[in-house]
Amino acid sequence: MGKDCLFCKIVNREIPAEIVYEDEKVLGFEDINPQAPVHCVFVPKEHIATLNGINTENSALAGELVRASVEVAEKKGLSERGYRVTINCNSDAGQEVFHIHLHLLGGRKFNWPPG
Ligand code: 5GP
Ligand code: ZN
């Protein structure tokens, strides 16, 4: 795990978060600075800094993040109207926390192409 990693600390319950999903490999929680009426983030419990760290050994984790977000989107009533999932990688995408996380955003219209 990343010693000074914020999301590892949330996984280890050293920092509080409002948890919306948990299984053996994945934790989902409310984003502290929501950009939409629904804004949750899903992280692997294992520390991987960026999407560049996904490889043939661990790629199932990426599917787990997606599956967990689909489940929470359904619970939050977003399935029919729609929602967006995003993973930001490094500086051009605006990644700020260097522990892979998938954003689930919903409850409003989103622009395409994104800003
Ligand atoms: P990034 O820009 O790296 O893709 O997204 C990082 C996300 O983590 C941001 O949406 C930000 O609001 C969220 N975040 C940063 N610090 C905390 C925190 O301490 N708790 C929670 N729940 N979310 C955080
Ligand atoms: Zn971490």
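Let's start with one residue: Asn-90 has a relative accessible area of 31%, so Asn-90 is partly exposed. That label covers the range between buried (under 20% relative accessible area) and exposed (over 50%), worked out with a 1.4 Å probe on protein chains only. Asn-90 sits in helix H3, residues 90-93. Its phi is positive, at about 60 degrees, although Asn-90 is not a glycine. Why point that out? Most residues other than glycine have a negative phi, and most peptide bonds are trans.

Arg-13 is another case, with a positive phi near 60 degrees in a residue other than glycine. You'll find Arg-13 in the loop between H1 and S1. Its relative accessibility is 46%, so Arg-13 counts as partly exposed. There's a peptide bond to look at too: the one joining Trp-112 and Pro-113 is cis, with omega about 0 degrees. Pro-113 belongs to the segment after S5.

## What you're looking at

This is a predicted model, in which local features need pLDDT of at least 70 and side-chain atom pairs count only at pLDDT 80 or more, while totals for chains, interfaces and linings use all residues. Residues are numbered from 1 along each chain as its sequence is written, chains are lettered from A and ligands numbered from 1 in the order in which they are written, and side-chain values use heavy atoms, with hydrogens and water left out.

## The chain as a whole

The chain has three helices and five strands. Here, helices (H or I, at least four residues) and strands (E, at least two) are DSSP runs, numbered from the N terminus. Read from the N terminus, the order is α-β-β-β-α-β-α-β.

How does the size work out? A compact globule of 115 residues would have a radius of gyration near 13 Å, and the chain has 14 Å, which agrees. That radius is taken over C-alpha atoms, and the globule rule is 2.2 Å times the number of residues to the power 0.38. Along the principal axes, the C-alpha atoms fill a box of roughly 40 × 30 × 30 Å. Of the 115 residues, 37% count as buried. Now take the contacts (heavy atoms within 4.5 Å): among those with a separation of 6 or more, 54% come from residues 24 or more positions apart.

## S2 and its two partners

Which strands pair with S2? S1 (residues 19-22) does, in the antiparallel sense over three bridges, and S3 pairs with S2 in the antiparallel sense over five bridges. To count as a pair, two strands need at least two bridges found by DSSP. S1 and S2 form a hairpin, with three residues between them.

Tyr-21 has Gly-28 in S2 as its bridge partner. S2 is mostly covered, with four of its five residues buried.

## A buried residue in a loop

Is Ile-100 buried or exposed? Ile-100 has a relative accessible area of 3%, so it is buried. Ile-100 lies in the loop between H3 and S5. Leaving out residues up to four places away in sequence, Ile-100 touches several residues, including Phe-42, Val-43, Ile-48, Leu-51 and Leu-65. Ile-100 and Gly-53 are 47 residues apart in sequence, yet 8.7 Å apart in space, C-alpha to C-alpha.

## The largest pocket

The largest pocket holds about 940 Å³ of space. Of the 33 residues lining the largest pocket, Asp-31, Gln-35, His-39, Asn-88 and His-103 are the closest to its centre. A pocket is an open set of points on a 1 Å grid over the protein atoms alone, where a 1.4 Å probe fits, with protein on both sides within 12 Å along at least five of seven lines; lining residues have an atom within 4 Å of a point.

H1 gives the most to this lining, with three residues. By type, the lining has 15 nonpolar, eleven polar and seven charged residues. In that count, Asp, Glu, Lys and Arg are charged, Ala, Val, Leu, Ile, Met, Phe, Trp, Tyr, Cys and Pro are nonpolar, and the others, Gly among them, are polar.

Terms used: Grid points are joined across faces, edges and corners, and a volume is the space filled by probe spheres set on the points.
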